[in-house]
Amino acid sequence: MDWSRIKTILIIALALANLALGYEVYRQKMALAGPTASKQFSQELLDLLASEDIKISPSIQLQAEKLNSLRVQYENLSQEQLNRDFFHNEALLRQKTFSLADLSLKGESLQVYDGRKLSYRNDLPLAKKKISKEEAKTKAMDFLKEKKFKTDDLVLVSSLPWQEGYQLTFKKVYEGRLVESSYSIFQVDGSGVHSLSRLWLDIIEPSDKEVVMPSPQKALLSLLDKQEARGRTVVRLEACYYFNPSKQGYIEDISRAQQGRAIPAWRIQLDNGQEVIVDVLS
């Protein structure tokens with residue numbers, strides 16, 4: 001018996017079996033993914049969106065993503081802490097109820113809603129000279145540092161002209177991913193910070209379980225139901241985290257939701273700065 005020949009035949013047979021098994025695994029994977037994973041579907045989707053006057057930037061990559069969920073909680077803002085950090089303990093408490101604290105000192109005022117949402121105003125004179133976006137960003141970051149807020153967990157996502165300065169929107173970021181809906185919105189010019197609206201999330205801990213997100217094609221498909229997407233171009237599509245208390249049982253009284261889960265979602269940004277969030281529950 002020619003053992004050398006038999007050995008060669010067995011090796012070839014095993015190789016063919018492995019190829020067949022690999023193909024079957026791939027075929028089942030594609031079947032589970034459904035038509036949204038196919039190139040044909042992607043092109044049909046682009047054509048369908050275009051027919052509704054919704055364009056997709058060529059830079060958009062339609063790649064599947066997996067993320068873990070996060071346990072998060074709202075930043076806790078006490079009246080005592082804010083009076084110390086904003087007003088050196090000299091502010092007048094104009095009103096305090098279960099849901100609202102209202103502090104003021106001269107031309108500055110600060111309201112805190114439900115111990116977490118901050119609204120700050122300063123009656124500074126408007127600057128007459130235009131400043132650059134980088135100068136406005138520096139003033140906003142310096143303001144946060146001065147008021148004892150962290151500055152290593154945010155990123156600038158939007159800058160719009162405002163008076164002779166800018167309206168800047170910063171978002172929370174965790175391991176390179178945005179955490180929605182967590183924001184700090186400034187109006188700032190050469191005179192300084194005129195206003196700050198802030199609702200911030202702190203990360204308690206990440207979950208150890210991965211969540212399979214809907215395909216990016218399905219996320220884009222949701223734009224067909226969004227009137228604000230008509231006549232616009234999608235300039236960014238990225239995976240993010242999304243905390244929505246109304247989807248966690250706090251529809252009637254959102255103030256009860258102090259913490260919960262931020263789940264994986266897609267953030268779709270349009271060319272006018274608007275964004276659409278598509279989560280796994282959508």
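## Helix H3

H3 is followed by His88, whose phi is positive, near 55°. This is a predicted model. Within H3, which spans residues 79-87, the buried residues are Gln79, Leu82, Asn83, Asp85, Phe86 and Phe87.

What lies over these buried residues? The cover includes strand S3 (92-96), strand S4 (100-105), strand S5 (108-113), S6 and H4.

## Helix H4

H4 runs over residues 133-146. At 1.5 Å a residue, its 14 residues should span 20 Å, and the end C-alpha atoms are 20 Å apart, so the two values agree.

Which residues of H4 are buried? They are Ala136, Ala140, Met141, Phe143 and Leu144. Seen down the helix axis, they fall within an arc of 155°, so they line one face of H4. An α-helix has 3.6 residues a turn, so residues three or four places apart point the same way.

The buried residues of H4 pack against helix H3 and several strands: S6 (117-122), S7 (154-162), S8 (165-174), S9 (177-189) and S10 (192-199). After H4 comes Lys148, with a positive phi near 70°.

## Aromatic pairs

How many aromatic pairs does the structure hold? There are nine. One of them joins Tyr120 and Phe143. This pair is tilted, with 5.3 Å centre to centre and 50° between the planes. Tyr120 sits in strand S6 and Phe143 in helix H4, 23 residues apart, so the pair links distant parts of the chain. Both residues are buried.

Phe143 also pairs with Phe186. Here the geometry is edge-to-face: 6.1 Å centre to centre and 85° between the planes. Phe143 lies in helix H4 and Phe186 in strand S9, so this pair ties together parts that are 43 residues apart in sequence. Phe186 is buried, as is Phe143. Both belong to one aromatic cluster, together with Phe86, Phe87, Tyr120, Phe149 and Phe170.

## Nonpolar cores

The largest nonpolar core has 29 residues. Which members touch the most others? They are Leu220, Leu223, Val234, Tyr241, Trp266 and Ile268. Several elements each supply at least two residues of this core, among them helix H2 (39-51), strand S2 (66-74), helix H5 (216-221) and strand S13 (259-270).

A second, separate core holds 27 residues. Phe86, Leu103, Met141 and Leu196 are included in this core. Of these, Phe86 is a buried residue of H3, and Met141 is a buried residue of H4.

## Charges over rings

Two charged ends sit over rings. For Lys130, the ring is that of Tyr166, with its centre 4.6 Å away. For Arg198, the ring is that of Trp200, with its centre 4.4 Å away.

Methods
Residues numbered from 1 in each chain as written. Predicted model: local features only at pLDDT ≥ 70, side-chain atom pairs only at ≥ 80, totals over all residues. Heavy atoms only, no water. Helix = DSSP H or I, 4+ residues; strand = E, 2+ residues; numbered from the N terminus. Expected span 1.5 Å × (residues − 1). Buried < 20%, exposed > 50% of the residue type's maximum accessible area, 1.4 Å probe, protein only. Arc of directions from axis to C-beta. Contact = heavy atoms within 4.5 Å. Core = buried A, V, L, I, M, F, W, Y, C linked by side-chain atoms within 4.5 Å. Phe/Tyr/Trp six-rings, centres within 6.5 Å; stacked < 30°, edge-to-face > 60°. Lys NZ or Arg CZ within 6 Å of the ring centre and 35° of its normal.
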